Structures are given as structure tokens and as C-alpha cells.
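Dear colleague,

My findings follow directly after it.

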Amino acid sequence: SQVSLEEESQNPPTVGQWKPLMPSKDDKEEPESGCQDAGDVHEPQSTEQLDVSRLRSSSVEIREKGSEFLRDELHKAQKELKLKDKECERLSKVREQLEQELEELTASLFEEAHKMVREANTKQAAAEKQLREARGKIDMLQAEVTALKTLVITSTPSSPNWELHPQLQSPSKAGFRKGHGRNKSTSSAMVSAASQNVAPEPVSRECKEVDSILFAEFQAWKESPTLDKSCSFLDRIYREDVGPCLDFTKQELSELVRVAVEQNTLTIEPVASQTVPVGKVAAEECGGPKKCALSGLPRTCKHRIMLGDSGHYYYISPSCRARITAVCNFFTYIRYIQQGLVRQDVELMYWEVMRLRRDMSLAKLGFYPSEM
């Protein structure tokens, strides 16, 4: 229909001509001619009206077909739009479901993580508590072992240490040396054996006078007890007693012994009571039962020492053992003072320190009990 309309518009009908409304110059010149042709124009005018009605019907038909086409296209677009709306709604529901699942998963993961953190913190707190308790027990056991070592080194049933066992002394002597009470963890069997084998010694009168310089140095150290040998009190004792007492022929080993005594890691063991387990290689033993490792002299060695946990043993003579034991007794006592275990008057503590210094001097000069 559109093609036919275009063809008609391009080729207009040639039936007749339209009569102008206003007369032109030519019309004025020929007025009569128009009147003559009036009868002939009637037939072309009817043809023109038919053509116009045909055009009008064609345009109406075109409009109807165009509107119908547009309606079809509109229906198609509306259907596609509905389908896309349904698809969008489905996708939005899927997205909401995924978001909800993601939130639930995130919440569960966070809850699990917090639970794990709480459990870890609880376990850590329990482990720290157990560690503190274990360290406390270790410190207590180390103190007890140190006290027992001191008792083993300085006191035996055949030669008890009167300072450690005041109950074995006579009343007058016990009153004279009262106050210094170390760890009394010795067994009752040992105490009873010592009380049966040892008779009380007669009381010897001894005159003593406090040296003002030494007492002032001890008082200054007692205000803030320390094991640092830079203070005047310990510096004097190192120079006058500890150094000479631990000065042996074997200088290198002597230095190792001094360090072990200061760090409280030296062990003295009787040779007869030590046996090597079957299938275990014995540790290196310097010297021998007939040669002292510190002095290098041929001596009968009844004891041996070990420095720390090295596993290296060194045989020592009774004289060297007496010198080491005297220094160990001194360091044990000042450690007790530093730890607040000695509850005595300052002057009594001073005289105990002087007695320990005297023991170191005698041991250095070669005096020691025959039981060693």
C-alpha cells in the first residue's frame, strides 16, 4: 500500500487542471473561452474526486496497518519486558539467598574463631599458671638441694658441724653460738648417730674484739646485700681469703673451680660411693685416686669434684677439699643473708663471717680435720 501511494504521488493524474481561484492576466484577456469550456470541465472534476477518495481510503488503510504493526510490536516488547522482569526477580532472589548464606557463614566463622581464641587463651593461662608453679617448685627444690649439699659437705656423723647442729653442743656452747640456723633437713638417724658417737667438748674461753673497719664494711654490705665482689666488704674477702684459698698449682682448673663456687654449681662426691652404671661410658676423670688434679701432687684422693653439669670429674686431695669446702661454707652463709634466711643480730652475723674467714685462712695454711 505504501509503494502504491508513493507511485501515485510521483505520477499525478493528468485528467484535468485545477481552476485557479483568482483570475490571471490571461484570463482577463480571454473571458469568453472559460465560459465555453464549462461544460467540458464537469467530467474531469468527478474523476479527480474519485482519485481523492481513493487516496483517502489508501491513507486510512495505511494508518490501520501501521497501527496494527505497532500494536504487535508493542505486545512483543511488553512480553519481553515481562520475561526480563521475571528473570530480574529470580536473580534478585538468588542474590538475596547468597547474601544470607554468606552472612550466616561469616557469622559462624567468626564465632568459631572467637571460640578458638578463647580456648587458646584459657590454655595459655593454665600453662602459664603451671609454669609459675613449676618454677616455684624448682626454686624450692634447688634451695633444699643447696642446703642438703651444704650439710653433706660440712657435716658428717663422724665429724658434725657444730654450727649446723646446735642440739649436739653443750648448753653453754650452744648459747655462745646461737642464732645462725641453716636448713635443718638432716635425718633423725644421722643426728642420733652423731649424738651417740660425739662427746661434748669442753668450753674454751676465747677473747674477741670487733675490728671497726671490718664491722663498718659488713654493716654497709648488710644494708644492701649483694654477691657483687666490687663492694668493699666482698672485695677485701676475695683478696685476703677467697683468692688465696682457691689458688692452686693448676691455675686454669683453679679458675674454673672459683667460678663454679661463685655460681653454686660445684659438686663434691666421695670416690668410694660412686659407681659407673653398666653399659655407660664413664666421664673423663682428671688426676686419679693417687694424684690430686688441683695440686698435681701424689696424694690419696677420697673425693672428686664436678663443675656444673659438664660430666667431667677431677680427683682432689683432702687438703684441696678442705679449702674448697671452707669457701663454699662462706658463700652459702652470705647467700642465706642475702635471701633473708638468717634472723640474727648484726654483730652475731659479723662474728659468723669472721669464723668462716678464719676457716678459709686455716685451710689455706694446710690445717684441716683428719676425717677429710
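A crossing of two helices is called right-handed if the near helix is turned clockwise from the far one by less than a right angle, and left-handed if the turn is anticlockwise. In this predicted model, helix 9 passes helix 10 in a crossing of the right-handed kind. On the side of helix 9, the contact is made by V257, V261, E262 and Q263, and on the side of helix 10 by I324, V327, C328, F331 and R335.

The axes of helix 9 and helix 10 come within 9 Å and cross at roughly 30°. Because angles under 35 degrees count as roughly parallel, helix 9 is roughly parallel to helix 10.

The buried residues of helix 8 are covered by elements including helix 7 (212-223), helix 9 (251-263), helix 10 (318-338) and helix 11 (346-365). Those buried residues are F233, L234, R236, I237, Y238, D241, V242 and C245.

Helix 8 itself spans residues 232-245, 14 residues in total, and reaches 19 Å from its first C-alpha to its last, close to the expected 20 Å.

Of its 372 residues, 27% are buried. Among contacts with a separation of 6 or more, 69% are between residues 24 or more positions apart.

Yours sincerely

Technical notes
Residues numbered from 1 in each chain as written. Predicted model: local features only at pLDDT ≥ 70, side-chain atom pairs only at ≥ 80, totals over all residues. Heavy atoms only, no water. Helix = DSSP H or I, 4+ residues; strand = E, 2+ residues; numbered from the N terminus. Expected span 1.5 Å × (residues − 1). Buried < 20%, exposed > 50% of the residue type's maximum accessible area, 1.4 Å probe, protein only. Contact = heavy atoms within 4.5 Å. Axes fitted to C-alpha atoms, helices over the stretch in contact; angles between N-to-C directions. Parallel < 35°, antiparallel > 145°, perpendicular 65-115°, else oblique.
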